[in-house]
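Morning, everyone. Please bring up the model on your screens, and we'll walk through it together.

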Amino acid sequence: MSATDPDDRDASEERPDGAAPTDDDTVADTEGGRPTTLVVEGGAGNSVVVQDQLPDTMFVFPLRSAVPFPNLMMPLLLDSEAARDIVAKAEAHNGHLFLVLQRDAEKEPQAAADLHEVGVVTRILRVLKLPDGGMSAMTQGLRRARLVKIVRDKPHLVARVKETVDVPAQGARGQSLFRLLQKQLRHLAEIQDQADTGFATALLNVEDPSQLADFTGGIVRKVADRQRLLAEPAVETRLELALQFAMAETELLELDKQIQREIRDKAEQAQKEYFLREQLKIIRRELGDEKDPRAMEVQRLEEAIAKARMPEAPLQRAKEELTRLQTTPVESGEYGVIRNYLDWLVALPWSAATVDDTDLGRAARVLADDHYGLDEVKDRILEFLAVRRLRPGHQGSILCLAGPPGVGKTSLGRSIARAMGRKFWRFSLGGLRDEAEIKGHRRTYIGALPGRILQGLKACGTNNPVLLLDEVDKLGSDFRGDPSSALLEVLDPEQNHAFLDHYLDVPFDLSKVMFLATANVLSQIPEPLRDRMEVIEIPGYLLEEKVEIARRHLLPKQLVAHGLTGRHLSVPVTVWRRIVGEYTREAGVRGLDKVVQRLCRKTARDVGEGGKGKGKLSFAEMEELLGRPRFKADERRRRRQPGVVLGLAWTPVGGDVLHIEAVASQGKGALQLTGSLGDVMSESARLALSYLKSRAERFGIDLPRLAELDLHLHFPSGSIKKDGPSAGIAIASAFLGCLVGRCASMDVAMTGELTVVGEVLPIGGVREKVLAAKNFGLSRVILPEANRADVLELKPELVAGLRIDYVSTFDDVVPLVYDDFPLGPAPRPAADCRPPRARRAARRRR
């Protein structure tokens, strides 16, 4: 049962023993009870005080979501026949009900375990009829009582209860809790919007601590907290709980009032602004000499649309959105969305373009002034400009500048824009994972914007700028889409003339834009995207090129940045060679630029302290400013040792020279590989050893002795991951030198893939590897015969001073690596593998 939501269960039985109650039963059912003082109106207006005993057996009225308290009124809604039956029989029996909270509000109580242990014995004061035809009973809480047992469960629950005894509060703590609770309840009554005057009056007249704690139960919101307060026998603990609940209720009420006050202030402000705005409209209309701001905004957009010279489709969309804007209230959130959309439409350069400067001589001078070297790239740019000069509408291809960091890919794009007389904008794609960054967000999202492509066009103000897509090889993809797929539409000349951005939702012509892309590793670019670009590789700079770049570009730029002049610092060419060779080792010039900055900082400090600077830098002053050389040649690495050879490798930052070391020790024929080798390189090591075993007689290898040795192959710089097949001949040479006790020459480096039958296959990255060998100071390089054509394409100055030997088999490699190596007889094939015609011709010759 519930005080506010009773169900249709049976209400009560007529008496605990099932018989019809009589007047004598009242006395019988009150044995063992406690006296209650009742005031009864006697004759002639006299009041008679009657002592009544509480019965210990009575009908149970289960409550679903309400908790009664002693000394408090408890209304019961009797909206079912069962509830009315319980109250009627209890009123006819002894007028008492045991109100108790049931444990599960959804479950019909059948036993004592379904009810809480502590409830309240109440007296039914009166039963009222309601206007809607229902009935309610008003009860008065009398005593706390504990449920002892259920004596009857049909048709209604009848229980034996026992009154609980309170543990009174004693000492100063109980009095302090009592006063604090009174103060808190008064404060709660004061901050209530609809405070009941009777509530405050009752607080002033309550002097019993137990009664005040029970009085607090009427304001507790949670049913579990109310039951906890009711079941507590100690008055002092009950006061403490009541104080906690009262303080929590006060905090919630104050928070409610604060939220209501903030909402009311906002509503009043919005209403005030609305009335003021409407009054301002009326005043302006009456004056007749001032325009409505909304009309001025619409007029501004109309003029901007006319000046934008849009194509037909965007123009039609702009007019439709402008019409929507005029009919949309300013207070609506849609008004701002439409206005922002129109602002983007009119801000894009639909027809604004710069005139290309097709003077090839000027373009060549600009490229030469900004960059030293890079002749292939410059020639390709001049070819593009020449075609544009002969055919202005030619779209051309999309160039992708690929090379290590620091070779000038980004700055080259800026120079191209300056040579053509176009605006330049750079868009970094590194780490980009959201497709919306390319094609924009749909207008249904809050804060939607066009993609970065259209944002760049707006920033440039022209429809034919040079857009540099930087780090195109570092694009990512996740659940938000694949940006590389979105770039396909941007870079495809067959599609970008009608590029559709999700935000604009109207086509925009990107065919006049010159797109450039940069990348470090071409293999990381998706194949469909790489297919739409023309790749121009910039592998790196020679030592002489770095010296010229430092003299012509890096030092003058840093002198200006640090407030210095040529009188304060100048570097001779011989010193530049030492700086480039001993303080940097890279394909580009980014590290060299940092070294130049360090020189300028040291000089600026000297000038700032009253000095005159270094002037013409000497070798001693160079080491004083820069410290000890970082990459000075290590003579110990030049010493010839058995099992040590030099190999050439390609890395994303250029070529590199690797020391490959092999040693043999007593063991059981095991092979150990160290140096962070990948799967392919590990397979190359096992393949090389298998090949040497198959040609043991030719190379003088003792196979029985080899079976008793453990071989260890190591690549220094073990923290760097190494992989690839091009170290095959170098690994085989290291194993051979280790097994036969031969020392390889330390001025020769090699690269080439080895097969299990001894053939040398071509490799990639020839230019980077040759450049690394030259910068390392080597004099000889061994390359596969199939890479001869790649070497012929290199600049003469790149291979100047280098002797390049070409090999087809490992038999060709051994004499070049080991001087006077005694090769044994070549193994004869187990079977004649020649074609039948060749075999017949050989027999006739014999």
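This is a predicted model: local features need pLDDT of at least 70, side-chain atom pairs count only at pLDDT 80 or more; totals for chains, interfaces and linings use all residues.

Is Arg-845 buried or exposed? Its relative accessible area is 66%. The cut-off for exposed is over 50%, so Arg-845 counts as exposed.

Next, salt bridges. Side chains of opposite charge can pair when their charged atoms come close. How many salt bridges does the structure hold? The count is 39. I'll pick a few.

Now look at the cover. Asp-256 is partly exposed, at 30% relative accessible area. Arg-221 is partly exposed too, at 48%.

Now turn to Asp-811. What does Asp-811 form a salt bridge with? The partner is Arg-698, and the closest N and O atoms are 3.2 Å apart. Asp-811 belongs to helix H30 (residues 810-817) and Arg-698 to helix H24 (residues 696-699), so here the parts tied together are 113 residues apart in sequence. Asp-811 is partly exposed, with a relative accessible area of 23%. Arg-698 has a relative accessible area of 13%. Buried means under 20%, so Arg-698 is buried.

One more pair: Glu-708 and Arg-705. Their side chains form a salt bridge at 3.7 Å, N to O. Glu-708 is partly exposed at 40% relative accessibility, and Arg-705 is partly exposed at 37%. Salt bridges can also share partners. That is how Arg-144, Asp-166, Asp-214 and Arg-238 join into one network.

On to the rings. A pair of aromatic rings is described by the distance of the centres and the angle of the planes. The count here is seven aromatic pairs. One of them is Phe-699 with Phe-810. Their centres are 5.8 Å apart, the planes make 80°, and the pair is edge-to-face.

Last, the backbone. Most residues other than glycine have a negative phi, and most peptide bonds are trans.

Go to Lys-154 and Pro-155. The peptide bond between them is cis, with omega near 0°. Pro-155 is in the loop between strand S7 (135-152) and strand S8 (158-163).

Then Asn-71. Its phi is positive, near 70°. Asn-71 is found in the loop between strand S3 (57-63) and strand S4 (73-78). At 40% relative accessibility, Asn-71 is partly exposed.

Finally, Glu-471. This residue is not a glycine, yet its phi is positive, about 55°. Glu-471 is in the loop between strand S11 (466-470) and helix H16 (483-491). Its relative accessible area is 23%, so Glu-471 is partly exposed.

Conventions:
Residues are numbered from 1 along each chain as its sequence is written. Side-chain values use heavy atoms; hydrogens and water are left out. Buried means under 20% relative accessible area, exposed over 50%, partly exposed in between (1.4 Å probe, protein chains only). A salt bridge is a side-chain nitrogen of Lys or Arg within 4 Å of a carboxyl oxygen of Asp or Glu. Helices (H or I, at least four residues) and strands (E, at least two) are DSSP runs, numbered from the N terminus. Rings of Phe, Tyr and Trp (its six-membered ring) pair if their centres lie within 6.5 Å; planes under 30 degrees apart count as stacked, over 60 as edge-to-face and the rest as tilted.
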